[in-house]
Amino acid sequence: MHIGFIGLGIMGVPMALNLSRKYPLTVWNRSPSKYSLLEQAGASIAETPAQVMKRSDIIFVMLFDSTAIKCILDDEFKRSLRGKILVNASSVEVEFSYFLADEVRRAGGDFIEMPVSGSTIPAEQGRLVGLMAGDEAVAERIRLVVQPITCAAVYCGPVGFGLKTKYAVNSYLVTMNAGLAESMNFAKAQGLDLSAFGQALAACPLASPYSKVKVKKMLAGDWSAQAPISGIYTSIQLIEAAVAGANTHSPVLHICSKLYQEANRSGLGEEDMIAVAKVIENL
């Protein structure tokens with residue numbers, strides 16, 4: 001079983017490294033700057049996305065958006081899809097996922113949608129949550145393959161349902177994150193001992209591994225990105241479009257969207273999503 005991986009960004013690198021420890025791996029990235037890490041892990045480097053397809057049985061795609069994916073869908077790539085399984089882990093529009101699934105099927109391949117829930121730390125630990133959608137039989141065929149990168153692989157339904165599940169999960173994430181940042185700002189404004197506040201929060205029923213990591217980052221003034229604000233704001237835009245498409249309302253998300261938008265506009269795009277605390281502090 002040979003695995004391919006296309007897209008070595010902030011999430012793609014740790015995912016590919018974890019796969020390389022279990023399977024022969026071929027990778028491609030638009031920029032070669034990340035290749036050394038993968039080469040040291042024993043991965044092969046392909047000159048084109050189509051070469052990844054030709055050398056691999058199951059191919060993961062983890063690119064920034066649908067535009068980036070469209071750029072690799074040339075004729076050679078499509079000809080190489082026959083008999084292969086393409087797993088799209090990128091966060092894209094549901095409509096684009098339908099399009100991509102159709103392209104893969106028409107070329108004679110199988111398609112699985114599998115956006116992931118989690119940021120760089122669970123990606124490095126191999127503890128992402130895979131949100132699988134598509135043909136359930138194909139999803140079961142790759143379940144063992146995704147084990148090195150996931151702590152759970154949840155089958156969500158037909159194509160589109162993996163992304164819709166991620167939208168709902170991320171709606172909770174971005175509102176919870178803003179609430180945590182607001183809580184820390186409130187504690188600071190009251191002149192509280194922030195270390196003691198962090199201990200109190202860590203001991204209460206609301207505590208989670210996520211809150212503990214983000215409180216630690218805020219206390220240390222560490223804004224290095226585990227999930228950058230620019231990517232989170234892109235995710236929020238996808239969620240808001242999905243909310244409108246579902247003919248429902250997300251008023252808390254709408255308010256939080258403005259905060260992340262301002263953070264992105266203020267030059268905080270490459271900082272961690274908890275840096276939205278800086279925007280809240282300066283309101």
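Me: Before we start, what does "partly exposed" mean here?

Reply: Partly exposed is the class between buried, under 20% relative accessible area, and exposed, over 50%. Keep in mind that this is a predicted model.

Me: Thanks! Then why is R143 called partly exposed?

Reply: R143 has a relative accessibility of 25%. Buried needs a value under 20% and exposed one over 50%, so R143 counts as partly exposed.

Me: What makes R143 and E140 a salt bridge?

Reply: Their closest N and O atoms are 3.0 Å apart. The cut-off for such a nitrogen and a carboxyl oxygen is within 4 Å, so the pair qualifies.

Me: How do you know whether K214 and D272 are buried or exposed?

Reply: K214 has 1% relative accessibility and D272 has 0%. Buried means under 20%, so K214 counts as buried and D272 counts as buried too. Their side chains meet in a salt bridge at 2.8 Å, N to O. K214 lies in helix α11 and D272 in the loop between α13 and α14, so the pair ties together parts that are 58 residues apart in sequence.

Me: And why is R106 called exposed?

Reply: Its relative accessible area is 61%, and exposed means over 50%, so R106 is exposed. R106 also forms a salt bridge with D102, at 3.5 Å from N to O.

Me: What makes K166 buried?

Reply: The relative accessible area of K166 is 13%; the limit for buried is under 20%, so K166 is buried. An unreviewed UniProt entry places the feature "active site" at K166.

Notes
Residues are numbered from 1 along each chain as its sequence is written. This is a predicted model: local features need pLDDT of at least 70, side-chain atom pairs count only at pLDDT 80 or more; totals for chains, interfaces and linings use all residues. Side-chain values use heavy atoms; hydrogens and water are left out. UniProt positions are given in the numbering used here, feature names are shortened, and annotations may be inferred rather than shown by experiment. Buried means under 20% relative accessible area, exposed over 50%, partly exposed in between (1.4 Å probe, protein chains only). Helices (H or I, at least four residues) and strands (E, at least two) are DSSP runs, numbered from the N terminus.
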